[in-house]
Each structure stands twice: as structure tokens, then as C-alpha cells.
Amino acid sequence: MISRAALNPRVLDAEYAVRGPIVQRAQQLERQGKQIIYCNIGNPQALGQRPLTYLRQVLSLIEYPELLDAPATRALYPGDIIKRARLILAQQPPGTGAYTQSPGLPFVRQAVADFISRRDGIPADPDHILLTDGASKAAQAVLQALIAKPDQGFMIPIPQYPLYSATLTLLGGQQIGYHLDEGNGWQLNEQILESSFTAARRARQNAVGIVVINPGNPTGAVLTQDNIEMIIGFAHRRGLAIIADEVYQENVYRPGSRFHSFARVLTDLAEREVTLFSLHSVSKGLLGECGHRGGYLEIRNAPVDVLAEFVKLQSISLCANVPGQLATYLMVAPPQRGEASYHRYQLERDAIFEDLRAKAEALGAAVNAIPGMQVEIPAGAMYAFVRIELPVAGHRTKSRSGDALAEATAREASYCMALLEKTGICVVPGSGFGQQPGTLHFRTTFLPPRDQIQALVDRLGRFHQSYLRSQKSALPRLRRSARSDATGCR
Ligand SMILES: Cc1ncc(COP(=O)(O)O)c(C=O)c1O
């Protein structure tokens, strides 16, 4: 039988905190009958967000086309839904049961190109668009294609979404972290980018690209146009490609904040050197269709032979799943004014948006009212990256070896585990995303139902105070043990 030790060490080394040990413990507790509030992952429908009726109605007819001719269908489905399903089936007669072309269904790629043009007022080419199994596969394809040597790597934000660090580990590529500026709403800072790039060079780590997540996970920040211009200028100077992870582009809540796509800013700047890989997904936004695994990758400033290699890469897995491709189509081709489904579609979208907006605000404000916690009220996305203050002598075990990072990781892990055990609230320790040394965080979503947010934060606040008390009362004992550790008396 194969042993764990025989597995690829890169697989063993790869970490994905969003589904790490805290979550595994949560599942165990749930099996034992404890009620768990899963705030660890941006999975909106798992926390009660309803799917958009339009999308599900069209998909249901495509999955079972016999319904199109059933007499009851006219009573059950609005006319435009039936028409839309027939239109899709006319372009893809085998429906969902057959492979498609490797880059994806041509009419869907055309619809994605039209969507980008409408959104940004710029031209978009369907031949530069690939449909993928969620944005994850798009990101992985780009990293895989661009990491050519072991000294090469990508600049990734700290904190970041661990898809990037885990995939780089799997590929044997270098992770070149750049800190986001917490004191400046988690925007990117040119000096920090420059110094991280040059420090990496000195350490013989050669960046070939930079990952930017906008709106941010886990930060909830929305980048300004100026900030994006600065990043493109930096990428140009340093010869880097850009991965613009824009899966939260519809999740912008703060008045005055706006989503600016990298594609548009790149075009405005007439930038023709920097290769841009933009990602989008059906999992987030107002669809929340995480289970459908749909998304796309748009590539700008790349020659046709490079595009062909991306198509080849995709062809090795044949094609993206077809329901996911169609969910992507329905995301970018919504019902139009005057069509029967339009009104309901708008109402449902508006309700989901307003719910998310109110929850971001409510959770952020309530967390900031807890002594010892601090958060930038999320301007976008689905998360709050909460900074916590804990008394210092909690876990001194590793500090003797100077490993402050391991110490912070241990302190956060105990905190999040205790939170789970005591309250059933499941969050992810900040170390799973990376953070400034000396700071402690956890990431929570604000996806639980609106009427539960206040109760959730109240529980969090009570837990935090009792955790602080328990830590403070343990301090003299911990300090004694740290002193005896230091003098080697144990
Ligand atoms: C920033 C970011 N990118 C990509 C993904 C993956 O999305 P998908 O479900 O489309 O693979 C996520 C999921 O949470 C995310 O937060």
C-alpha cells in the first residue's frame, strides 16, 4: 500500500488554511451534534443565500430538454426562459452531456467578450477567452504556464488567498510576498512592491508575475484606479505579467468605491507590454454558484502562439464542465429589460446585494466595538480580516528559537480553536493568509443570515473577553515557565 511518506513532498507541503485543521474539527463537532456557524469560506449558498431563479430555471431545462415540450412547462417557466434554453440548445445540441471545444463553447466566449466590452467600454476578443472550472483552474493554469524554472515565482499579496501560495508550492515556484498596507485600507504600496521585488532578486528568486486580488480576499479592500495604474507601471518596469483576480467585482458596497478592471485601466494606459490574465467566476458576485464551478480567463497582450499553449493546457483536461460554462454564460448574459424574467431577476439581485452590503457594515461596526479587535469595514468581497490583540506570553514555546512567525501561528490557532469549541463559530487564523510580523488576525466571512450577525458578534465579543481573562490569569505561570525554559531549568 502506498504510504504518505512516499507522496510528492510538494503535495505534503501545500497548505490551504480555508479548509484546514480548524474546519476539520468543526466538522467533527458537527457530527457530534454541535451547531457550527461556518464563517471560514466564501460559500454563500451554504449559508442560506438563495440562487438566482433565472439561472436555475434555464439550467434545469437544459439538463432535461424533454421538459421543453411538456405542457406543464409553459405554466411553470416564463416565456423568455424557455426561449433562452432553446437558443442555448440550438448552439449546443448535445446539451450538457458532451465535451465542448477545449477553450469552451464559442457562443459563451463571445458572450463573455460582449460582457467585458459592455462593462469597460473596451474591445474584447473571444479568442482570448477560455472558460474554466471556476477561477481556481484559471489561476492554476497561469501559474503552471509561467513558472518555467525553480528560481522563478510570483509576487503574491500578504495577506493572500491561499490558492496562490498552495499552487506555487505544488509547482515548486517561488512565493515572493508583498505586504498590503493595512494602515492605508489594504491598498498596494509602490515602495513595498519595489523592495519585495529587489529583496527577492538578491535571494535569487526571480518574479515573473504579480497576483493582485481586487476586491480583496481576505481584506475586503477595493483598489482605486490610481493604485491599479501604479501596479501596471510597476509590472511594466519590472517585466512582470499580472494575474488580476477579479472574482469579487460585483461585491463592492462602500459608497464612493468602484470596481475598476485591470483590463480597462491597461487599455486606458495604452499598455501593450504587460501581459494581463484576468479571472472571473460564477462562485461570488450575486450568483454565489460555487458548486457550479464556472469561470473564465481573459488574456491580453499575448501572442497567438502563447494563447495556443493555454488552449493546449486546457485540452489536456478536455474542457471545463458544461453546466459551469452555461452558468458563466447566464452570468454574463442576463435577462434584458422587457423580458418576462427581468423584473424578478433584478429584485433578487438587488436583495442579495443589499443583504451583503448591510452585513458587511453590521459585522464591521460590531467587531470594531469589541475592545481588543479592530477591522477595516469591508468595502467589498465577502470577508473581514479582523486584527486581534492578545497578551504576549501566551505561547512562548517557539520564541526561544526566534521563530516569531511560528509563535504567532500557534497563538492564532489556539485562539480560533478555542473560539470554535466554545461558540461553534468557525473562522480561519490570519497566518493562513499571511500578515505583518507581530500582528494577529482571523478571517471571517459576513455571509451568515443578517438577523444572526449581531448575535454572532456578541458571542465573539463575550468569547474574546473570557479568552483574554483566561490568558491573563495564566500569564504568571506561563512567564515562569518561559523563564525556566530560557535558563534551561526544565
Ligand atoms: C480571491 C479568490 N479567487 C479565486 C477563488 C476561487 O473561485 P472559484 O470558486 O471560481 O474557483 C476564490 C474563492 O474563494 C477567491 O476568494
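Which residue in strand 13 is the bridge partner of P429? Select P429 and look across: the partner is F442. Before going further, note that this is a predicted model, where local features need pLDDT of at least 70, side-chain atom pairs count only at pLDDT 80 or more, and totals for chains, interfaces and linings use all residues. Residue numbers start from 1 along each chain as its sequence is written.

**Stop one: strand 13**

Select residues 440-445, which make up strand 13. Strands here (E, at least two residues) and helices (H or I, at least four) are DSSP runs, numbered from the N terminus. Strand 13 is mostly covered, with 6 of its 6 residues buried. Buried means that 20 or more other C-beta atoms lie within 10 Å of the residue's own; exposed means 12 or fewer, partly exposed is in between, and C-beta atoms are placed from the backbone. Show the side chains: L440, F442 and T444 point one way, while H441, R443 and T445 point the other way.

Strand 12 (residues 428-429) pairs with strand 13 in the antiparallel sense over 2 bridges. Strand 10 (residues 383-388) pairs with strand 13 in the antiparallel sense too, over 6 bridges. Pairing here takes at least two bridges found by DSSP between the two strands.

Next, select strand 3 (residues 152-158) and strand 4 (residues 174-179), a parallel pair with 6 bridges. G153 sits opposite Q174 of strand 4.

**Stop three: helix 10**

Move to residues 225-238, the 14 residues of helix 10. Colour N227, I228, I231, I232, F234 and A235, which are buried. Looking down the axis of helix 10, you'll see its buried residues fall within an arc of 160 degrees (taken from the directions from the helix axis to the C-beta atoms), so they line one face of the helix. On the face turned away from that buried side are the exposed residues Q225, D226 and R237.

**Last stop: the ligand**

Finally, select the ligand and the 14 residues that surround it, the closest being G134, A135, S136, S281 and S283. Helix 7 (residues 134-146) gives the largest share of this shell, 3 residues.

Note on methods. A residue is near a molecule or strand if its C-beta atom, placed from the backbone, lies within 6 Å of it. The expected span of a helix is 1.5 Å times one less than its number of residues.
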